[in-house]
Structures are given as C-alpha cells and as structure tokens.
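Let's take a friendly walk through a protein model together.

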Amino acid sequence: MAAVSAATRLHRRTLGIRRAFAPIAEARGFARGMLWTGAGLTLFFVVLAIFAPLISPYGFDQYEVGTHRFAQLAHPSHAHLFGTTVQSTDVLSRIVWGAQTELEVVALALAFGLVIGVPLGLFSGYFGGPLDRGSVLFMDAMFAFPPLLLAIVIAFLLGSSVNSGVLVAAIAITITYVPQYFRVVRNHVISVREEPYVEAARALGARPVTILRRYVFFNVVQNVPVIATLNAADAVLTLTALGFLGYGVQPTQGAEWGYDVSRAVSDAASGIWWTGTFPGLAIVLLVTGLTLLGEGLNETINPVLRRRVFTKVDFGAPSLEPSSEILEP
Amino acid sequence: MGAQGPSLKRYALTRIALVFPMVFILLTLVFLLMRVAPGNPVSAALGGHVPPAVINQISRRLGYDKPVYVQYGDYLWDVARGNFGTTISDRRSVGSIILVNGAATLELTFFAMLVALVVGLLVGLVCGRFRDSPIDAGGRLFGIVVYATPVFFLGLLAQLVFGVWLNWLPTSDQASPITLALMKTHTNILFIDAIIDGNWGALWDVVQHLILPATTLGIVYGGVFIRLIRVNVIRTLKEDYIEAARARGINERSVVYRHAFKNALVPVITVVGLQLALLLGGAILTETEFNWPGIGHELYVYLQNRDYAAVQGIVVVFGLVVVLASIVIDFAAAFIDPRVRY
C-alpha cells in the first residue's frame with residue numbers, strides 16, 4: 001500500500017514537473033530562439049564564474065609571473081589574448097574573475113530581494129488595510145528615486161562600515177529592487193484574493209496563513225522567475241554602474257567589469273581600445289543573455305503572450321490533407 | 001465627457017493629496033540615511049587634517065550639535081521654504097547647484113529623450129507593423145542589445161571611434177573654454193543662450209559637444225521605447241476599430257498610419273514619465289564620463305568629497321523632480337487619452 005502510494009506520488013510529482021516545463025519544450029519561433037540563446041549565454045558566464053581558477057590564465061590582480069613583470073598596456077598578443085592594463089594585469093583574467101564577482105553579487109541581491117519583497121507583497125496584498133496603504137506609499141516613495149541613485153547612496157553610506165564590497169553592492173542593489181517585487185506580488189495577490197478558489201478555502205475555514213501558502217503563493221509566484229531574471233539583468237547593469245563610479249566592489253576585493261571600463265576611459269583618449277572594449281562586451285553579453293532568458297521565459301510561460309503550436313484536430317471527416325499538419329496561429 | 005469631468009477632478013485631487021505624504025517619506029528617508037552614516041559630516045567633508053576646535057565650530061554653525069529631532073525639524077522647515085541646504089566643502093547653496101548645473105542636465109536629458117523617442121518610434125513602429133518578420137526579429141534584438149549596453153560603455157566606444165580615431169567630435173565638457181568665456185549667461189542652458197545672442201559659432205560649438213553624450217544616453221533609452229511601442233502597435237492592430245476600418249475598404253496603408261499608429265502612441269506618454277527616473281540615473285553616468293557639468297557630475301564630485309549635506313540636497317531634489325514630473329505626465333495622459341478614466 002505504502003509502495004503504491006509512493007509510486008503514485010512520484011508519478012504525480014514528475015507529472016507536475018513535466019507540466020511545469022511543458023511550455024518551454026513547446027516554445028517556438030523567436031521565443032524559442034530567445035530562450036535558448038539566453039540560457040546558453042547565461043550558462044557560459046556561470047561556467048566561467050565557477051571554473052574561474054581553472055580557466056583564467058592569471059589571478060585577477062596578478063601583474064607578474066615569478067620575477068617577470070607583465071608589460072603595461074600591451075596589445076592583445078599570444079601571451080595576453082586581450083592585452084594588459086595600465087597596472088600590467090591581464091585583461092582576459094580580469095574578465096573571467098569578473099564573471100564570478102558579478103554573479104555572486106547578483107545572486108545575493110536576488111535572494112535578499114525575493115526574501116524581503118515577496119512576503120511583504122503577499123501579506124500587504126492579502127490583508128489590505130492601513131498596513132497595505134502605508135507600505136504602498138513607502139514603496140512608491142522609494143520608486144521615485146532613480147534606482148541607480150539609491151544604490152549609489154546606499155553603497156556610499158555602507159562603504160565605510162561594511163568590509164565586504166560584494167555584500168555592500170548586494171545590499172545596495174537589493175534595496176532598489178524590493179519595491180518592484182513588492183509591487184508585482186501585491187497587485188497580483190489583490191486579484192487572486194477574490195478568486196472563487198480562495199473564497200472556497202476561506203469558506204472551509206482555512207487559516208489566512210494556510211490560504212496564502214497553499215493557494216495564493218503558487219499562483220502569484222509563477223511570475224517571479226520572469227521578473228527575477230529580468231531584474232538580474234538590471235542588477236548587473238546597476239552593479240557595473242556602481243563599479244564605474246567607484247562604489248561597491250573595491251579593486252582589491254575582486255575584478256569588476258564596470259570598474260575596469262572606468263579605468264579605460266583615460267586609456268581611450270590615447271586610442272587604447274582593448275582595456276575597455278573587452279570588459280564592456282562582457283557586460284553586454286551577460287546582460288543580453290539574462291534579458292533574452294527572461295523575455296523568452298515570459299513569452300513561453302505567460303499564457304497571454306504564448307504562441308503555441310497547435311495540432312489540427314480532425315473530427316473524422318475524410319480529408320485530403322495530412323491530419324497532423326502544423327498550423328501557426 | 002460629461003462623466004469624465006468630475007471623476008478626473010477627483011483623481012487629480014487625490015493624486016495631488018498623495019504627493020505630500022510621499023514627499024514627506026522621501027525627505028525623512030534621505031535624512032535618516034544621511035544621519036545613520038558613521039562619523040561627523042563636517043570632519044568627513046573637510047578631511048582628517050582639520051583641528052577639532054574648527055570642526056566643532058563649523059558643526060555648531062551648521063546645527064550638527066543639536067539633537068537629531070531638532071535637526072530633522074529644522075531641515076523640514078528649511079525645505080518647506082525652498083532651502084535645500086548648503087554644501088559643507090565649498091559652501092554653495094544646493095539651490096544654486098540646481099539652477100546652474102541643473103540647466104546642463106536639462107539640456108543633456110532633453111536631447112537624449114529626443115534621440116530615444118526618434119530611435120524608439122522608428123524601430124518600434126516598423127517592428128510592430130511587420131510582426132514576426134525578420135525585420136521584427138532584428139529590431140527586437142537591437143532593442144534588447146541596446147538596453148543591455150551600459151551607458152558608460154557605449155559612451156566609451158563613441159569617444160574611441162568618433163573622438164579619437166575619426167577625430168570628428170569633442171569627447172568632454174559642455175563647450176570649448178573660449179566659447180564658455182565669451183558667452184553671456186541668460187538661462188544657463190548654453191543651447192538656448194547661444195540662440196538668444198544669435199551667436200551661431202557658439203551654437204555650433206555647443207551642438208558639437210552635445211552630440212556624443214546625448215546620442216549615447218538617448219540610444220540606450222531608445223531600447224525601452226522600441227519594446228513598448230512595438231507591443232502597443234501589435235495590440236492596436238488587433239482592435240475592432242482597425243478591423244472596422246479595413247472592412248470599410250480603407251487601404252491598409254491608411255489604416256496603419258492614420259488609425260493605428262496614433263492610438264498606439266498614447267500609452268507611450270505615461271512611460272516617458274516612468275523613464276525619467278532611469279534617464280536621470282543614466283545622466284549621472286553620462287555626465288561623469290563626458291565631464292558634462294550637470295547635477296549628476298556634481299553629485300559624483302560631492303560623493304568623492306564625502307559632503308553629506310550636498311549629497312542629501314541633490315538626492316532630495318532628484319526625488320522631487322521625479323515625483324512632480326510623474327504627476328504632470330499622468331495628468332497629460334489623462335487629458336490626451338479619452339479612454340483613460342479614473
């Protein structure tokens with residue numbers, strides 16, 4: 001009996017997973033292209049970040065091997081594929097190690113943002129009342145700041161008291177994105193709250209926490225992967241902007257692409273292109289990858305935008321065409 | 001229209017009434033943030049080599065020795081009278097920073113917005129019109145890549161290509177030193193000042209300096225518009241009245257250009273307001289990179305000097321501008337689009 005129920009449960013669970021991923025397998029056209037290109041690009045940088053010690057030719061702040069000091073601002077060559085910077089560090093190595101910094105900060109910021117923003121939105125939207133109105137007003141006030149400005153101020157203030165640049169940057173970015181998660185989740189909860197199935201649960205006497213956890217949460221949380229991925233793309237931009245202005249991750253703590261581009265501005269005046277172009281391209285590729293992944297997910301998961309392949313249904317009438325013809329809607 | 005009048009009025013009143021608590025929260029937030037920062041703001045701004053007696057004296061003059069709640073009350077009272085404070089490091093009033101450097105920021109963001117709208121409209125309309133064609137895919141990809149490009153990286157490339165390699169355009173400052181020395185100040189907006197004086201040489205110099213930063217900032221924000229306008233065109237082309245227009249036998253060209261596009265553009269106005277916050281954020285980076293003497297550049301300098309009073313003042317003004325502009329734009333949208341009812 002127990003074995004049967006375990007098997008059924010397993011079956012049910014795989015069915016659930018398969019159903020959850022079905023839209024991704026069914027995605028076609030531009031959405032499919034976006035999804036897979038985005039996933040590929042993102043995966044590429046994840047691999048770079050994880051295996052940085054193996055992939056990177058040198059350390060992120062290494063300027064010599066043994067007693068041989070690297071040349072300053074050397075052209076891209078066999079020894080340094082992307083050239084060297086004014087501090088004699090290897091541009092390629094800084095890009096590889098930079099992937100680690102960027103993804104670390106973004107992962108932390110996303111985790112913080114979700115942990116704070118989603119529950120706040122859930123409770124605020126479900127219970128309503130003065131608490132809801134107050135938090136909406138507060139979040140709207142936060143929204144009035146240009147996100148970058150808020151991040152700069154937070155990083156500026158934390159910079160002198162928190163020692164880890166990664167943590168400073170992650171907190172600064174988190175604070176700018178909490179209002180977004182809050183808004184999306186809250187607004188969605190408000191519409192879900194009035195659905196018949198929530199009312200039914202309420203009529204059955206379920207406690208509010210149970211309703212939130214079992215009925216509201218899973219319906220609302222579907223949107224979160226899309227927002228989270230798109231926010232991750234935005235977060236990389238914010239982080240590199242912080243780095244460009246000299247806040248967030250400090251040069252002694254790790255390689256950061258935005259910081260590298262800021263150092264390259266003075267190189268550009270004398271026509272040295274490799275110190276800025278390569279880290280800049282790395283930013284563009286990572287952000288494009290995350291955006292494509294998010295947009296692709298949006299178009300495949302979101303039923304309003306989803307364009308699926310429909311199989312023509314044949315009602316038995318003799319037909320000259322093959323019955324499995326694929327129609328684009 | 002009859003039903004719209006009173007409800008629009010009520011909407012306007014609630015919208016305006018909500019501004020006050022919002023501004024209050026904004027002011028409090030910034031005040032608290034600046035006060036929780038460790039250390040005395042005066043010694044932070046003046047550096048470590050100033051004798052304590054001097055620091056105490058300046059602190060007393062600026063009111064930093066009073067209890068926090070008194071400082072808070074004084075601060076709110078000052079802001080209510082339009083006094084946003086004085087910088088510690090060079091004793092400029094924040095108001096004058098806004099007037100002088102704000103003019104430069106206004107010039108940059110205005111032309112950047114223009115570039116963004118032109119790029120966004122052209123690409124967005126074409127993509128929406130030819131949905132799912134290779135043109136559409138290309139346009140969308142362009143929008144995504146452009147949005148994924150940091151302003152400061154595009155700026156670097158622009159400086160490299162047009163400033164250094166081709167040597168066509170200047171890569172920093174708002175005008176040449178000679179132009180600046182010879183120009184008379186009317187509005188602080190150099191572009192307008194040059195026109196008022198009829199000084200065409202100066203105007204040409206100003207425009208040359210404006211091209212790279214404004215285009216850089218504009219192209220990046222054009223990415224947002226591409227996406228938005230494309231979706232709106234697609235949605236509008238599905239509307240019943242478009243179908244009706246087609247059914248009446250109006251040719252497709254006229255349906256698309258006269259009936260669809262115009263209506264697709266209305267929601268864009270609302271988003272222009274939302275993008276203002278983003279645009280101002282981008283202006284901080286663009287101004288820093290191109291050494292453009294706007295508010296963002298000043299903010300960067302004061303941050304480097306750890307001048308808390310200046311940072312507080314500038315941040316508050318940025319916030320106020322976004323809040324007020326979003327209201328104005330909401331009203332404009334409600335006024336223009338008869339479908340928007342509140």
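In what order do the elements of chain B run from the N terminus on? They read α-α-α-α-α-α-α-α-α-α-α-α-α-α, and chain B has 14 helices and zero strands. Here helices (H or I, at least four residues) and strands (E, at least two) are DSSP runs, numbered from the N terminus.

Before going on, note that this is a predicted model, in which local features need pLDDT of at least 70 and side-chain atom pairs count only at pLDDT 80 or more, while totals for chains, interfaces and linings use all residues. Residues are numbered from 1 along each chain as its sequence is written, and chains are lettered from A and ligands numbered from 1 in the order in which they are written.

**Chain B as a whole**

The C-alpha atoms of chain B fill a box of roughly 85 × 55 × 40 Å along the principal axes. Of its 342 residues, 39% are buried; a residue is buried if 20 or more other C-beta atoms, placed from the backbone, lie within 10 Å of its own. Two residues are in contact if their C-beta atoms, placed from the backbone, lie within 7 Å. Among contacts in chain B with a separation of 6 or more, 74% join residues 24 or more positions apart.

| Helix pair | Angle | Axis distance |
|---|---|---|
| α7 (165-193) and α10 (224-245) of chain A | about 145° | 10 Å |

The angle runs from 0 to 180 degrees between N-to-C directions. Residues of α7(A) including A:Ala169, A:Ile173 and A:Tyr177 meet residues of α10(A) including A:Ile227, A:Leu239 and A:Leu242. This contact has 10 nonpolar, four polar and no charged residues. Ala, Val, Leu, Ile, Met, Phe, Trp, Tyr, Cys and Pro count as nonpolar, Asp, Glu, Lys and Arg as charged, and the others, Gly among them, as polar.

A:Ala169 also touches A:Val105, A:Ala155 and A:Gly248, among others, not counting residues up to four places away in sequence.

**Where the chains meet**

Which helix of chain A gives the most to the side that touches chain B? The contact takes 39 residues from each of chain A and chain B, and α12(A) gives the most to chain A's side, with eight residues. That side of chain A divides into 29 nonpolar, nine polar and one charged.

Note on methods:
A residue is buried if 20 or more other C-beta atoms lie within 10 Å of its own, exposed if 12 or fewer, and partly exposed in between; C-beta atoms are placed from the backbone.
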